[in-house]
Amino acid sequence: MWSILYYLRNDPEKLKWNMRMRGFSEAIVGKALELDTLWRKTLTELNDLRRKHNQISREIGRLKGEAREKKLAEAKSLLKLIEEKEKILRKIEAEREEVLLSIPNIVHESVPQGEDEEDNVPVKFWGKPKVWRRYLDRFKEQTKGFSVEYEVIDWKPIGHADMLEVLGLGDTFKAAQVAGSRFFYIFDDLVWLDLALLLYALDFLAQQGFKIVMPPYMLRRKPYEGVTALSDFEDAIYKIEDEDLYLIATSEHPIAALHMNEILEEKDLPLLYAGISPCFRKEAGAHGKDTKGIFRVHQFHKVEQFVFCRPEESWEWHEKLLENAEKLWQGLGVPYRVVNICTGDLGVVAAKKYDLEAWMPAQGKYREMVSCSNCTDWQSYRLKIRFRRRKTGEREYVHTLNSTAIASTRAITAILENFQEPDGTVVVPKVLRRYLELFPKAPKEVILPKKKRK
RNA sequence: GCCGGGGUCGCCUAGCCUGGUUAGGGCGGAGGGUUGCUAACCCUCUGGCCGAAAGGCCGCGUGGGUUCAAAUCCCACCCCCGGCGCCA
């Protein structure tokens with residue numbers, strides 16, 4: 001049974017607690033309960049009328065003459081009642097569905113309560129960040145409560161946006177003219193770097209037992225509604241004109257939809273997928289934020305982890321996906337922290353979410369690189385993805401989880417800032433070199449600034 | 001895009017022409033029986049919803065329509081297969 005409906009009928013207090021935790025009004029729970037009760041009552045009444053009609057209808061097949069005419073009239077009058085009742089039921093059903101689907105996922109007990117990203121709770125730090133002397137205070141503030149080793153530097157690293165200029169390998173101005181702001185051209189070494197990052201992540205995940213997948217880059221509305229909140233639609237998703245098609249914001253979405261309307265076998269779980277795709281995002285709610293460079297853009301590449309598993313295993317998988325992401329970022333050598341996203345910043349789909357945030361020396365801040373969510377049965381209910389219990393034959397909703405492995409442009413910004421030398425040279429992370437070896441023109445050790453190249 | 005064939009319970013398949021008892025069968029799965037063990041065999045169960053249960057309702061790609069009654073007839077859409085056209 002879908003967890004939200006289960007709690008609504010068996011423990012509505014839990015749902016009210018959830019609404020309070022998330023800072024929403026709990027009135028909707030009462031409304032849902034009321035509608036569900038009314039729906040069940042009305043359904044019973046309708047079924048009763050239908051039963052009578054079915055009985056008469058069956059008799060008619062056996063009758064002749066006057067008796068038949070009489071029953072025909074009876075059936076017809078019954079039909080009117082049924083139609084009326086159906087109309088009422090449909091209305092209630094639509095309201096009930098709307099209310100039920102608007103209930104956010106039930107947060108895990110370990111999720112901190114809070115209003116916005118300020119209240120996210122760091123749980124782990126890794127690596128030895130390079131901290132510019134004048135950012136020391138900021139750094140201490142962000143690492144409060146943890147003892148994090150760091151290296152003080154006396155020169156100010158150049159921000160990722162300006163690095164595109166220094167290297168001469170990106171043009172966001174021309175892109176803005178031809179496509180709009182938040183688009184970019186990148187060239188040569190940065191293109192190789194983008195590809196190498198993706199291959200690195202895919203290679204790693206394939207070895208971890210993930211099936212690698214290139215999904216459709218567009219989805220119909222129906223599957224899209226199953227994987228995301230309607231409110232996100234307007235802010236994030238591009239629509240194709242005059243077609244029922246939407247550009248994907250992440251491969252999470254087509255992968256979640258891959259098993260739509262299916263009943264999986266318990267023995268086939270978990271299903272592990274590593275998706276690679278471009279991602280298209282409107283970023284409508286982000287006016288003024290990160291307007292320069294390639295940190296927040298309308299289009300980028302991403303390798304994504306996605307898991308369908310049994311409900312009792314999903315919390316283990318949540319930790320495992322985070323661990324995979326951490327290994328990838330440790331491999332790159334980028335210092336990061338992991339934060340436990342608070343209730344106010346969680347979004348309605350996830351029950352719990354970790355972000356992996358890379359230290360950005362030029363900004364003096366940790367910035368999001370990876371987002372790792374357990375969506376429990378919130379997506380699978382909407383997409384009707386179930387599995388059959390081997391022992392009992394019962395059908396239950398699977399749990400779905402997703403986590404970034406590497407998003408190319410963000411990873412590039414982290415590399416440009418963290419592996420920058422005082423002269424503007426960028427050292428290529430060692431783990432990427434094997435993916436660059438293949439190409440004679442690709443960078444191997446370093447990416448040189450424009451003025452140092454011939 | 002056009003023409004033809006098709007979509008049935010987890011999978012395969014019958015039913016559709018000619019509307020009307022319970023959508024039948026096989027496979028796979030669960031439980032039980034028989035058995036020295038295994039195999040084989042036999043029996044029961046194996047879509048969703050409402051209901052404490054008895055039971056009832058719904059369900060044959062999706063949505064409409066005709067009819068007292070639709071898997072079955074009609075319309076639209078989606079998808080799959082074959083042919084033609086177009087195409088990186």
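Modeller: Here is a short chat about some salt bridges and a nonpolar core. This is a predicted model, where local features need pLDDT of at least 70, side-chain atom pairs count only at pLDDT 80 or more, and totals for chains, interfaces and linings use all residues. Residues are numbered from 1 along each chain as its sequence is written, chains are lettered from A and ligands numbered from 1 in the order in which they are written, and side-chain values use heavy atoms, with hydrogens and water left out.

Biologist: What makes K267 exposed?

Modeller: Exposed means over 50% relative accessible area, buried under 20%, and partly exposed in between (1.4 Å probe, protein chains only). K267 has 65%, so it is exposed. Its salt-bridge partner D268 has 40%, so D268 is partly exposed.

Biologist: And why does R388 count as partly exposed?

Modeller: Its relative accessibility is 26%, so R388 lands in the middle class.

Biologist: What makes a set of residues a nonpolar core?

Modeller: The members are buried Ala, Val, Leu, Ile, Met, Phe, Trp, Tyr and Cys residues joined through side-chain atoms within 4.5 Å. The largest one here has 61 residues, and L197 is one of those touching the most other members.

Terms used
Salt bridge = Lys/Arg side-chain N within 4 Å of Asp/Glu carboxyl O.
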